[in-house]
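Please report on the structure shown here.

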Amino acid sequence: MPGRIRATYAVCVLALAFAYQDASSAQQPKTVADGVYSRDQAERGKKAYGVFCENCHAADLGGTNSGDSGAPPLRRDGFMAGSNANALFSKIAESMPFDAPGSLPKTDYLDILAYLFQENGFPAGSAPLPVDAAQLGAIRIIRVAP
Ligand code: HEC
């Protein structure tokens, strides 16, 4: 092809390549179905859950609700669906354990969050949940696929 057209073509291809790269490196909305925590993280979370949460929410996460006392189940159909990982993280980190709110290190709360996602049927991925609130906020909680 003639030089000018070839040059124009090359510029277009480059522009497209950059546009693509830009889109993929920008923060994409995700859901909990996208492998947003690591298996190790959930494993640590399971241990912390056993120490700090199980008393009230039960070993199988089934909760201990009876009438108007007890704690709600943390594993159920549509658990927190429509919310996002940062909102759930904040709820846990600011108000749990119910008898000692905010008493755990942030990383323990994140590990427990990973465990809750695992137990609610969402897959592990290669990286742990991030500490960053904006990144957590970009992870939508959906109903697990039947
Ligand atoms: C002393 C008992 C107790 C302990 C320990 C406890 N919780 Fe709770 N939890 C409750 C009660 C009671 C509620 C309901 C009131 C509320 O939402 O604040 C609740 C609510 C929640 C909710 C909201 C659930 C919903 O459906 O709205 C989450 C999430 C949660 N707890 C997570 C945790 C985690 C994670 C831990 C461990 C770090 C923990 N809790 C430890 C008693 C407890």
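The report below starts with the model and its confidence.

## Model and confidence

This is a predicted model; local features need pLDDT of at least 70, side-chain atom pairs count only at pLDDT 80 or more, and totals for chains, interfaces and linings use all residues. Residues are numbered from 1 along each chain as its sequence is written.

pLDDT is the predictor's confidence in each residue, from 0 to 100. The chain averages 88, and 80% of the residues score at least 70. Residues 21-25 stay under 50 in pLDDT, and the model gives them zero contacts beyond four places in sequence. Where pLDDT is low, the predicted coordinates should not be read in detail.

## Fold

The chain has six helices and two strands. Both types are DSSP runs, numbered from the N terminus: helices are H or I with at least four residues, strands are E with at least two. Along the sequence the pattern is α-β-α-α-α-α-α-β.

Of the 146 residues in the chain, 23% are buried. Buried means that 20 or more other C-beta atoms lie within 10 Å of the residue's own; exposed means 12 or fewer, and partly exposed is in between, with C-beta atoms placed from the backbone. Contacts need C-beta atoms, placed from the backbone, within 7 Å. Among contacts in the chain with a separation of 6 or more, 68% join residues 24 or more positions apart.

## Helix α5

Helix α5 covers residues 106-119, which is 14 residues. From first C-alpha to last it reaches 20 Å, close to the 20 Å expected at 1.5 Å a residue. The expected span is 1.5 Å times one less than the number of residues.

The buried residues of α5 are Y109, L110, D111, I112, L113, A114, Y115, L116 and F117. Their cover includes α2 (39-52) and α4. After α5 comes G121, with a positive phi near 95 degrees.

## Nonpolar core

A nonpolar core is a set of buried Ala, Val, Leu, Ile, Met, Phe, Trp, Tyr and Cys residues joined through C-beta atoms within 7 Å. The largest one holds 28 residues, and A85, F89 and L113 touch the most other members. Helices α2, α4 and α5 each supply at least two residues of this core. α5 gives the most, with eight.

Not counting residues up to four places away in sequence, A85 touches V32, L113, L129, L136, I139 and I141.

## Ligand shell

The ligand is surrounded by 16 residues; the closest are C53, C56, A71, P97 and F98. To count, a residue's C-beta atom, placed from the backbone, must lie within 6 Å of the molecule. α3 (54-57) and α4 (85-95) are the elements that give two or more residues to this shell.

By class, the shell has 11 nonpolar, three polar and two charged residues. Here Ala, Val, Leu, Ile, Met, Phe, Trp, Tyr, Cys and Pro count as nonpolar, Asp, Glu, Lys and Arg as charged, and the others, Gly among them, as polar.

## Loop glycines

G63 is in the loop between α3 and α4. It counts as partly exposed because 16 other C-beta atoms lie within 10 Å. G63 and C53 are 10 residues apart along the chain, with C-alpha atoms separated by 9.9 Å. Beyond four places in sequence, G63 contacts H57, A58, G70, A71, P72, P73 and L74.

G35 is in the loop between β1 (30-31) and α2. G35 has 14 C-beta neighbours inside 10 Å, so it is partly exposed. G35 and G125 are 90 residues apart in sequence, yet 3.8 Å apart C-alpha to C-alpha. Beyond four places in sequence, G35 contacts P123, A124, G125 and S126.

Conventions: Two residues are in contact if their C-beta atoms, placed from the backbone, lie within 7 Å.
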